[in-house]
Amino acid sequence: MDLATFNWLLSDAGQALIAAAAAGDLSEGARLRELTRLRRLADPARAAAAYELARLRRHAAAKFAGAASMYFTREALEQSSGELIAGYRARRYQPFARVADLCCGIGGDTLALARVAQVAAVDRDPLRLAIAAANARAAGLAERVTFIEGDLVDLRLPAAEAIFFDPARRADGRRAFTLAGYQPPVTLVGRWSAHTPAIGVKAAPGLSDADLAGLAEQLGRPALEAEFISVDGELKEAALWFGPLASPGRRATLLTSARPDQPAHMHTRDSAGPAPLAPPGAFLYEPDPAVIRAHLVAGLAQQIGAAQLDREIAYLTSDQPIATPFARCWRVLEWLPFSLKRLRARLRALDAGAVTVKKRGSPLDTDALARQLSAGGPRPLVVILTFVAGRPAALICEGPIAPPAAPHQR
């Protein structure tokens, strides 16, 4: 979709075509039929744009409550933060009256920031900028946002007390896996911080420790917080915080759709040395991926009184069930050094039915092994393949379970 086609979609005729597309069959199998129908109402480019938008609005409903009145391109939607993360992140900016949203894209973060501050939204892509402006109007936030077209490498930044920067993590259709591949370069933060020290940068959650160390070195080792954010147990994004926005170190943040305003946090200040090692006890804990990525497994072990099965594996164990938002818990029925023959025999003895296989550190195919191990018994079980003190092991478990809340939990 080009800018002229998008501007036409905003017209009365364009809105009528979008409504006609949304009223049709948006399944993949009906694509050709629906496009043929829409081409009777408009030229092919406009028909295709309206059809694609109707489909994207349906997909975007998982990210945006107001998706039905918003505008998207496929790539921009994939890259945009959903409302849950954007709203959480925007709360860091509440002390600031004016915020610059740099590389604003279609405005996912712009809308969240506009609810706490006046926003100057900058992007070099005129189509994405136009889409962001339309989305701000749809959300009733247009008066709180000024849109500016420009390239950040050369642009003099708008006056702001804080910055949110979302560089592109794709170039020529390929995903960038390192900070060096982001465009514009993240090192621009060094230039901006001289006059606006409060800066947040959106990054991919797979950001490596080497990347973080390299960035800190390039920027002169500023106070830097690396935050890893999960939503409903899935690692989604990372954020790098500088200056007054930072609490230096690493942070794991867990968000849930059920309680969007009650994030759970762990920070490196919560960790004190390595966790003890122990063989599997009565309960096994799988830390949330944000906790694992932030290297806070030892801190979690300390918090819940658990031990690690193996220094290189993130599973924890204890003899008591402890409620924690930072991990899922399984009841361990028994465990054994890994042997497929012995594992099958023990599952039969336990009346196993459907078997789910999880792993951490094992090279085996979990789906194939689950089919091999599942039997006709009444008892669904979970087999966890991992290492215990450096040796392959299999844990036979039930769950996940919800442990009772403990009085000492935060």
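**Notes on a predicted chain**

1. Let's start in a loop: His 295 sits between helix H11 (289–293) and helix H12 (297–304). Helices here are DSSP runs of H or I with at least four residues, strands are runs of E with at least two, and both are numbered from the N terminus. The phi of His 295 is positive, about 60°, although the residue is not a glycine. With a relative accessible area of 39%, His 295 is partly exposed; that label covers what falls between buried (under 20% relative accessible area) and exposed (over 50%), with a 1.4 Å probe and protein chains only.

2. Before going on, a word on what you are looking at. This is a predicted model, in which local features need pLDDT of at least 70 and side-chain atom pairs count only at pLDDT 80 or more, while totals for chains, interfaces and linings use all residues. Residues are numbered from 1 along each chain as its sequence is written, and side-chain values use heavy atoms, with hydrogens and water left out.

3. Now the overall picture. The chain has 14 helices and 18 strands, and its C-alpha trace spans about 70 × 55 × 40 Å along the principal axes. Of its 410 residues, 50% count as buried. Take the contacts (heavy atoms within 4.5 Å) between residues at least 6 apart in sequence: 67% of them join residues at least 24 apart.

4. On to surface and charge. The accessible surface comes to about 18800 Å², and 53% of it belongs to carbon and sulfur atoms; the areas come from the Shrake-Rupley method with a 1.4 Å probe, and for residues only the protein chains shown count as cover. There are 49 positive and 41 negative side chains, and the centres of the two sets lie 5 Å apart. Lys and Arg count as positive and Asp and Glu as negative, leaving out His and the chain ends; each charge is placed at NZ of Lys, CZ of Arg, CG of Asp or CD of Glu.

5. Which residues have the most contacts inside the largest nonpolar core? They are Phe 72 and Tyr 93, in a core of 56 residues. Helix H4 (residues 44–60) supplies the largest share of this core, 8 residues. Apart from it lies another core, of 52 residues, including Leu 157, Phe 165, Phe 242 and Ala 301. A nonpolar core here is a set of buried Ala, Val, Leu, Ile, Met, Phe, Trp, Tyr and Cys residues joined through side-chain atoms within 4.5 Å. In soluble globular proteins, nonpolar side chains tend to be buried together.

6. Tyr 93 deserves a look of its own. Setting aside neighbours within four places in sequence, its contacts include Val 99, Leu 113, Phe 164, Ile 199, Trp 241 and Leu 245.

7. Thr 366, Leu 369, Ala 370 and Leu 373 are buried. Why do they lie on the same side of H14? Because they cover an arc of only 105° around the axis, taken from the directions from the helix axis to the C-beta atoms. On the other side of H14, Asp 367 and Arg 371 are exposed. The cover over the buried residues includes helix H13 (340–349), strand S16 (352–359) and strand S17 (379–388).

8. Beyond four places in sequence, Glu 227 touches residues including Arg 92, Glu 237, Arg 251 and His 265.

9. Leu 38 lies in helix H3 (residues 31–38) and is buried, with a relative accessible area of 0%. Not counting residues up to four places away in sequence, Leu 38 touches Leu 17, Ala 20, Ala 21, Ala 47 and Tyr 51.

10. Most residues other than glycine have a negative phi, and most peptide bonds are trans. The bond from Gln 183 to Pro 184 is cis, with omega near -5°, and Pro 184 lies in the loop between strand S6 (174–175) and helix H9 (188–192). The bond from Gly 399 to Pro 400 is cis too, with omega near 10°, but Pro 400 is found in strand S18 (residues 391–401). Ala 389, in the loop between S17 and S18, has a positive phi near 50° and is exposed, with a relative accessible area of 64%.
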